[in-house]
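Visitor: Here is a structure to look at. Please walk me through the aromatic rings.

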Amino acid sequence: MILSAMISALTSTLSATLSSVSTLFTMDFYSKIDKNASSAKKVKVGKITAVVTLVIAVIWAPYIQTFDSLIAYYQEIVSYLAPPIVGTFFIGLFWKRANAKGAFSGLMAGLAVAALIMTLKYVLNVEINIHFLLLAPVLLIISLVVSIIVSLATAPPPADKVAENTWTKQIWIDETKELKGIVWYKNFRVQAILLVIACFVMYGLFY
């Protein structure tokens with residue numbers, strides 16, 4: 001019964017992942033390349049994307065056994081994939097000059113470096129004497145630098161989109177007014193500060 005439950009959970013997770021990957025690639029990438037593609041063609045592209053994703057997963061699966069545990073594998077992989085995403089999100093949220101080309105270039109550059117690191121370590125067995133947690137800020141900086149350079153080298157984004165999606169000082173003022181009557185331990189700003197402090201404390205203890 002336990003094995004049946006585990007297989008069911010894995011199957012549903014796999015199905016959801018393949019569906020998300022194929023939909024993301026088809027609607028966000030392929031549709032922009034082939035703007036006149038029919039629904040049937042998009043479905044076919046989605047199926048091909050799912051098969052390619054499965055093949056890549058099968059090829060990568062044997063390398064997972066090199067990790068001490070699945071938790072260690074998850075932590076290290078996330079530390080490679082998350083920094084480019086976080087960098088792209090923050091630069092788009094706080095910098096009005098950032099544009100779509102810069103964000104996409106920074107994201108792809110960070111992910112490309114992350115893929116290169118994983119290939120060197122686990123496929124080519126190249127020894128990298130840097131802990132993966134120390135590589136995370138490097139990937140973040142690479143993504144930010146590429147995003148800034150490409151954004152400055154290309155046309156600025158439309159002012160109306162910037163006004164709707166960029167953080168401003170007025171937002172801080174409005175939130176401060178809303179948080180005046182809230183108890184400190186329910187204040188998300190206090191919670192965020194405590195979380196950051198806890199992260200640095202744990203980092204210092206286990207460094």
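**Aromatic contacts**

Guide: One aromatic cluster is formed by Trp60, Tyr63, Phe67, Tyr73 and Tyr122. This is a predicted model: local features need pLDDT of at least 70, side-chain atom pairs pLDDT 80 or more, while totals for chains, interfaces and linings use all residues. Residues are numbered from 1 along each chain as its sequence is written, and side-chain values use heavy atoms, without hydrogens and water.

Visitor: How many aromatic pairs does a search of the whole structure find?

Guide: The search finds 11. Rings of Phe, Tyr and Trp (its six-membered ring) pair if their centres lie within 6.5 Å; planes under 30 degrees apart are stacked, over 60 edge-to-face, the rest tilted.

Visitor: What makes phenylalanine 90 and phenylalanine 94 a stacked pair?

Guide: Their planes are 20 degrees apart, with 5.6 Å centre to centre. The angle is under 30 degrees, so stacked applies. They sit 4 residues apart in helix 3, about one helical turn.

Visitor: Why is phenylalanine 94 called partly exposed?

Guide: Its relative accessibility is 45%. Buried means under 20%, exposed over 50%, partly exposed in between (1.4 Å probe, protein chains only). So phenylalanine 94 is partly exposed.

How values were computed
Helix = DSSP H or I, 4+ residues; strand = E, 2+ residues; numbered from the N terminus.
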